[in-house]
Amino acid sequence: MNISRRTLLAAPLLAANGTPTFRGIYPIAQTPFHADGSFDAPTLGKETEFLARIGAHGVAWPQLASEFWSLTPEERISGASALLKAAHGKSIRTVIGVQSDDVDLSVRLARHAEENGAHALISLPPNGVGLREFFSKIASASKLPIFLQAVGKITVEDVIALNREVPSVRFVKDEAGLTLPRISEFQAKAPQLGVFTGAHGKTMIDELVRGASGSMPAAGPADLYARAFDLWQKKKEREAAAAFAKAAVFVPEFEQYGIEGLKYLLVLRGVFSNHVVRGPRNGDVGAVATKFRLDDAGKRALKILWEGVSH
């Protein structure tokens, strides 16, 4: 029997029945732009290599914290190509965002992702198209497993029903309602669903206690989260809590400064050359909403915090 190198690399991430497993820290990659605001695909590839090097278990792009709404279809295609090329041959799982109110574009993005080696797809619920209709079309265009990013008024029962109707929807990034009791509800009613969380993983230890599969934080501190997750898997709960505490110090800063703050930590770590953003600085867009512009004091605070936790 011939076994490909890709299969060998993926072996630790396969369940006993041979199907892919998805667990761990899957950062939402931030989108790099040049100083003039144009898309910087090579640096997205560099960010992917950085995440693989520091121990992230996966990477997802582009989602809310990636400013996906500001990207053209061509930028999304070129960015996915750069990310997937950078991840090729590495033990990091790739999840490509295909959300769009244009279902035809979502289908195109899904096919491109599969053809170029992605491991899974992820999508927010679209506007003007029912969940079942949208995800059925995505599932028909690709054999890849799908994450639903649940937001707004999507209930646990809605997610379970979608999984029943569209079996490719095997995972949920749950950001609707109260995270902790919803994880417990998923575990009780649909243990076959993999449940990931967002919101900077700020209650990650409690989430893991309840059976969460992983978290999708920002890219900059991904190694801090990954270390905590890995220690938890080894039953080293106190050590995991101590490791998580280092990541948690950034959550209030990110909630203050939004995407600028996320990107500035990548600047401090030598991944990005700037923290240029395209998206709005304020607005009802979840974790990307900001309270303050990242000023010199905020930059200094992030630098002090990073130097403190990294030594």
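This note sets out numbered points on the predicted model shown above.

1. **Basis of the note.** Residues are numbered from 1 along each chain as its sequence is written, and side-chain values use heavy atoms, with hydrogens and water left out. The model is predicted: local features need pLDDT of at least 70, side-chain atom pairs count only at pLDDT 80 or more, and totals for chains, interfaces and linings use all residues.

2. **Overall composition.** The protein chain contains twelve helices and eight strands. Helices (H or I, at least four residues) and strands (E, at least two) are DSSP runs, numbered from the N terminus. Of its 311 residues, 54% count as buried; buried means under 20% relative accessible area, exposed over 50%, and partly exposed in between (1.4 Å probe, protein chains only). Among contacts with a separation of 6 or more, 70% join residues 24 or more positions apart, where contact means heavy atoms within 4.5 Å.

3. **The nonpolar cores.** In soluble globular proteins, nonpolar side chains tend to be buried together. A nonpolar core is a set of buried Ala, Val, Leu, Ile, Met, Phe, Trp, Tyr and Cys residues joined through side-chain atoms within 4.5 Å. The largest such core here has 57 residues, and L51, W61, L121, F135, I138, V159 and F186 touch the most other members. A second, separate core has 39 residues, including F147, F196, F229 and V309. Setting aside residues up to four places away in sequence, L121 touches V95, I96, V98, A110, A113, I138, S142, L144, P145, I146 and F147.

4. **Helices α6 and α7.** Helix α6 (residues 156-165) packs on helix α7 (residues 179-189) at an angle of about 40°, with the axes 10 Å apart. Axes are lines fitted to C-alpha atoms, for helices over the stretch in contact, and angles run from 0 to 180 degrees between N-to-C directions. The angle makes α6 oblique to α7: angles under 35 degrees count as roughly parallel, over 145 as roughly antiparallel, 65 to 115 as roughly perpendicular and the rest as oblique. The crossing is right-handed; a crossing is left-handed if the near helix is turned anticlockwise from the far one by less than a right angle, and right-handed if clockwise. V156, E157, V159 and I160 of α6 meet R182, E185, F186 and K189 of α7. This contact of α6 with α7 comprises four nonpolar, no polar and four charged residues. In this classification, Ala, Val, Leu, Ile, Met, Phe, Trp, Tyr, Cys and Pro count as nonpolar, Asp, Glu, Lys and Arg as charged, and the others, Gly among them, as polar.

5. **Helices α9 and α10.** Helix α9 (residues 222-233) and helix α10 (residues 237-248) pack at about 170°, with their axes 8 Å apart. The two helices are therefore roughly antiparallel to each other. L224, Y225, R227, A228, L231 and W232 of α9 make the contact with E237, E239, A240, A243, F244, K246 and A247 of α10. By class, the contact of α9 with α10 has nine nonpolar, no polar and four charged residues.

6. **Helices α11 and α12.** An angle of about 65° relates helix α11 (residues 251-268) to helix α12 (residues 296-309), and their axes are 10 Å apart. The crossing of α11 and α12 is right-handed. From α11, the contact involves E253, F254, Y257, G261, Y264, L265 and L268; from α12, it involves G298, K299, A301, L302, K303, L305 and W306. These residues of α11 and α12 divide into nine nonpolar, two polar and three charged.

7. H119 lies in the loop between α4 (103-115) and β4 (120-123), and it counts as buried because its relative accessibility is 19%. Its C-alpha atom is 5.3 Å from that of T94, although the two residues are 25 residues apart along the chain. Q149 belongs to strand β5 (residues 146-150) and is buried, at 1% relative accessibility. Leaving aside neighbours within four places in sequence, Q149 is in contact with Q63, L64, I122, S123, L124, P125, K173 and E175.

8. **Backbone points to check.** Most residues other than glycine have a negative phi, and most peptide bonds are trans. The peptide bond from W61 to P62 is cis, with omega near -5°, and P62 lies in the loop between β2 (58-61) and α3 (73-87). H200, which is not a glycine, has a positive phi near 60°; H200 is buried, at 9% relative accessibility. K235, also not a glycine, has a positive phi of about 70°. K235 lies in the loop between α9 and α10 and is exposed, with a relative accessible area of 71%.
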